[in-house]
Amino acid sequence: MILRLLGAERLKMKRTWIIALLILGPIGIMGCMMINFGLRGDYFVRKYPDDLTSLVMESRMLLYLAIPLAGTLFASLLAGMEHQGSTWKYLFTLPVSRFQIYLGKAIPLFLLMTICAGLTVPALGFLWVWADLSGTIPWEMIIKSVLYPTLASLPVLALQLYFSIQWDNQAWPLTIGIAGILIAGGISKWLPWAYIRNVMPLDIGGDNDPHFWLPFAICQGVILLLIGATIIMRREVR
Amino acid sequence: MTKTVVQTTQLTRRYGKTTVVQNVNLNIKQGEIYGFLGPNGAGKTTTIRMLLGLIRPSEGEIQLFGKDLHKERKSILKRVGSLVESPSYYGHLTGKENLEVARRILGVPSKRVDEVLEMVRLTQAAHKKVKQYSLGMKQRLGIATALLGKPELLILDEPTNGLDPSGIQEMREFIKELPREHGMSVLVSSHLLSEIEQMATQVGIIRNGKMIFQGSITSLQEQSRPRMRFGVGDANVAAQLLASEGLSVSVEEDGIWTESLSQQETAHIVEHLVTHRFSVYRVEEVKQSLEEIFLGLTEEGETP
Ligand SMILES: Nc1ncnc2c1ncn2[C@@H]1O[C@H](COP(=O)(O)OP(=O)(O)O)[C@@H](O)[C@H]1O
Ligand SMILES: [Mg+2]
């Protein structure tokens, strides 16, 4: 059943911004990093002990913004198209459980984020060569520094998905998403937006500790997803 | 005996303190076109939402195909197609793609998409984006989507809303065919009697959340007893005479009106008038039109 829902979801993405965002996201990240290293590469040599650290630390800044932003936009696009043509009420009269309908949005959201991450890895590999950093491309470290924050964004994804489905005016979930990115991480390390920064695979002190934060974020993400699904399942459909 | 497709028992729904649907006992038999009639705000959509499990009843029970909706939601909804209020669609997809989305979820064969497009005559516009469709076309697409899973029961909430007269006519003909050609039962709501009258076999009339009539169109007509009209010269004086005899009469522009009378009573009145030298030039029995009955039913007690 869930496969059928995913097939339907795939077709709905046709001619939407979702596909463009999927490609533009990783390209954008690469572009920013190229400008960053192009302009400040000499400074990084002095600032960081080695090239690997400079790559991870500089990606960290960018991914901290880019991952929750992508999640916010994807969630809003996935839910928004159902609000727009008032199709929620149609979906909820189909012989499919409401939980599956919810998963039918959560799984594509997660898959989109994973694809974005998957494309960002070669983009950073390319950067390593382009910026003429020393040694062979550190694939393992690059994969970890993209994959960990993506997984750590699960709680943010769960929240954004819930808000986007709950409210038909997408201005609200977008505002929350952007406020979260700009403010929440600075307020407390316990707020979901901070986790994305807390899981960087290098020992850089502070709150950084992937061994604790990664499982913590994943568990919290699953719990928040279940809570969101439960609320939506009980909700009356207009 | 024909099977009951929809049966609600004392169905009630409240929003806060206002009761929007009150003790409604809907009964729809297989193969019927059931017209669910009532003025705007009467509670039609609310009732239909409950039938589809979109909202929960405050009280009462719902059985579809003899099964409890609450307990067997999924297996019941597999046999139901619906269109509630405004049509649901993905504007950025074409009509055909919209149906393909629904088809993938329902898991019906691909050729069914072309079949339903043909049924609602959207084959020509199948590859146009739905946001470019007219309201009537969107409505038809909604019906095509509802028909996709070959439902046994079709629930249509005001399907002719916003259509032009020819669109309304077309929709009506289309709905009328469904039971005969596809063995479906249909629940169709409307606030217009004329519409229901022309397609429904049974009617349920709802007003202020209460079901005030349920039965066949003919039994609705029988609900109202005909009245008698006497065309009489000098009607006011004649009416006074009849009133003094203890008859309840009323004077209107076109004569004297009484409740329906037996032959003897009629003869007696005529005789009485004639002996008092009033000229009686017309005696007739007047049946109320359905429209008048409907208005009478729905306006009754409207003002407190
Ligand atoms: N979500 C809601 N909250 C409060 N009142 C509602 C809600 N939905 C409908 N109503 C009220 O219930 C009444 C019946 O509405 P509805 O079922 O839509 O009528 P109809 O479909 O017959 O025009 C209306 O008075 C409407 O204002
Ligand atoms: Mg309505």
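1. Helix 6 of chain B covers residues 165-182, 18 residues in total. From first C-alpha to last, helix 6 reaches 26 Å, close to the 26 Å expected at 1.5 Å a residue. (Expected span: 1.5 Å times one less than the number of residues. Helices are DSSP runs of H or I, at least four residues; strands are runs of E, at least two; both are numbered from the N terminus.)

2. This is a predicted model: local features need pLDDT of at least 70, side-chain atom pairs need 80 or more, and totals for chains, interfaces and linings use all residues. Residues are numbered from 1 along each chain, chains are lettered from A and ligands numbered from 1 in written order, and side-chain values use heavy atoms, without hydrogens and water.

3. Which residues of helix 6 of chain B are buried? Among them are Gly167(B), Ile168(B), Met171(B), Phe174(B) and Leu178(B). (Buried: under 20% relative accessible area, 1.4 Å probe, protein chains only.) Their cover includes strand 4 (33-37), helix 5 (135-147) and helix 7 (193-199) of chain B. (Contact: heavy atoms within 4.5 Å.)

4. Just after helix 6 of chain B comes Gly183(B), with a positive phi of about 65°.

5. Now the ligand. Residues surrounding ligand 1 include Tyr15(B), Val20(B), Pro39(B) and Thr46(B). (Near: a heavy atom within 4 Å.) Helix 1 (residues 44-51) of chain B gives the largest share of the shell, three residues.

6. Oxygen atoms of ligand 1 make polar contacts (N or O pairs within 3.5 Å). A polar side-chain atom of Thr45(B) lies 2.6 Å from one oxygen atom. A backbone N or O atom of Lys44(B) lies 2.8 Å from an oxygen atom of ligand 1.

Technical notes: A polar contact is a pair of N or O atoms within 3.5 Å; within protein, one must be able to donate a hydrogen and the other to accept it, and residues adjacent in sequence count only if both atoms are side-chain atoms. Buried means under 20% relative accessible area, exposed over 50%, partly exposed in between (1.4 Å probe, protein chains only).
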